[in-house]
Amino acid sequence: MDKVYLIGFMGTGKTAIGRHLQTRYDVEELDERFVQEYGSITDFFAKYGETGFRDREVGLLRNSEAEIVITGGGIIERLENRTLMQESGLIIWIDTPFHLVWNRIRTDPSRPLVKSRMTVEKLFRRRRPVYARLANIRLDGTKTVRELAKEIESILEENV
């Protein structure tokens with residue numbers, strides 16, 4: 001099986017889905033890996049900006065050996081990341097409406113890009129068509145984490 005990349009905006013449940021899948025698959029969550037290697041994402045953003053973060057993220061994506069890679073919401077910002085994912089695996093998009101995402105992330109201090117609802121909504125609207133173009137499979141992000149994990153397991157079993 002090729003790699004599987006889980007993409008979607010922040011707050012769509014990718015990390016939680018990954019936790020469900022890691023009992024059966026080798027799963028790597030890139031933001032968690034980032035924290036292990038470089039420390040707090042918020043502190044890193046403050047010191048090196050989004051560009052510094054995205055530069056490190058490219059390396060983490062390129063060097064991941066996991067079967068399932070849980071990406072950060074902004075992984076799609078770089079063409080080289082989009083190309084790598086398209087050439088090396090199956091891309092599954094968790095498509096979650098903005099109001100659900102906002103309710104989940106609005107008070108999360110670990111998300112440096114969450115400033116105001118308007119700023120986040122603009123980012124959401126800009127990224128959404130990119131996720132849509134990139135994805136091989138779109139899943140309904142209004143479903144529960146457990147339902148989404150089961151759907152992904154079914155997809156993985158079909159693609160073995």
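This is a predicted model: local features need pLDDT of at least 70, side-chain atom pairs count only at pLDDT 80 or more; totals for chains, interfaces and linings use all residues.
1. Arg33 counts as partly exposed because its relative accessibility is 24%, and Glu37 gets the same label at 39%.

2. Glu77 is in the loop between β3 (68-70) and α4, and Arg126 is in helix α6, so the bridge ties together parts that are 49 residues apart in sequence. Glu77 is partly exposed at 25% relative accessibility, and Arg126 is partly exposed too, with a relative accessible area of 48%.

3. Now for Glu153 and Arg24, where the closest N and O atoms of the salt bridge are 3.4 Å apart. This one links distant parts of the chain: Glu153 belongs to helix α7 (residues 145-158), while Arg24 is in the loop between α1 (14-21) and β2 (27-29), 129 residues away. Is Glu153 buried or exposed? At 16% relative accessibility it counts as buried, because the cut-off for that label is under 20%. Arg24, in contrast, is partly exposed, with a relative accessible area of 47%. The pair also belongs to a network of salt bridges in which Arg24, Glu153 and Glu157 are linked. For the whole structure, the search turns up 16 salt bridges.

4. Lys14 deserves a look if you care about charged side chains. It lies in helix α1 and counts as buried, at 7% relative accessibility. Which residues does Lys14 touch, leaving aside its neighbours within four places in sequence? The contacts are Leu6, Ile7, Gly8, Phe9, Ile70, Thr71, Gly72, Gly73 and Ile94. Ile94 is 80 residues from Lys14 along the chain, yet their C-alpha atoms are separated by 7.4 Å.

5. On to the nonpolar interior. In soluble globular proteins, nonpolar side chains tend to be buried together. Here the largest nonpolar core has 30 residues, and those with the most contacts inside it are Ile7, Phe9, Leu61, Ile75, Ile76, Met85 and Ile105. At least two core residues come from each of β1 (3-7), α2 (30-38), α3, β4 (89-95), α5 (98-105) and α6 (117-134). Another core, of 17 residues, lies apart from this one, with Val4, Tyr25, Ile92 and Ile94 among its members.

6. Not counting residues up to four places away in sequence, Ile7 touches Lys14, Thr71, Ile75, Met85, Ile91, Ile92, Trp93, Ile94, Tyr131, Leu134 and Ala135. Two of those names, Ile75 and Met85, are also on the list of residues with the most contacts inside the largest core.

7. Last, the packing of α3 against α4. Helix α3 (residues 41-63) and helix α4 (residues 79-88) meet at an angle of about 10°, with their axes 10 Å apart. That makes α3 roughly parallel to α4, because angles under 35 degrees get that label. From α3, the contact uses Glu57, Val58, Leu61 and Arg62; from α4, Glu80, Asn81, Leu84 and Met85. How does the contact of α3 with α4 split by class? It has four nonpolar, one polar and three charged residues.

Technical notes
Residues are numbered from 1 along each chain as its sequence is written. Side-chain values use heavy atoms; hydrogens and water are left out. Axes are lines fitted to C-alpha atoms, for helices over the stretch in contact, and angles run from 0 to 180 degrees between N-to-C directions. Helices (H or I, at least four residues) and strands (E, at least two) are DSSP runs, numbered from the N terminus. Angles under 35 degrees count as roughly parallel, over 145 as roughly antiparallel, 65 to 115 as roughly perpendicular and the rest as oblique. Contact means heavy atoms within 4.5 Å. Ala, Val, Leu, Ile, Met, Phe, Trp, Tyr, Cys and Pro count as nonpolar, Asp, Glu, Lys and Arg as charged, and the others, Gly among them, as polar. A nonpolar core is a set of buried Ala, Val, Leu, Ile, Met, Phe, Trp, Tyr and Cys residues joined through side-chain atoms within 4.5 Å. Buried means under 20% relative accessible area, exposed over 50%, partly exposed in between (1.4 Å probe, protein chains only). A salt bridge is a side-chain nitrogen of Lys or Arg within 4 Å of a carboxyl oxygen of Asp or Glu.
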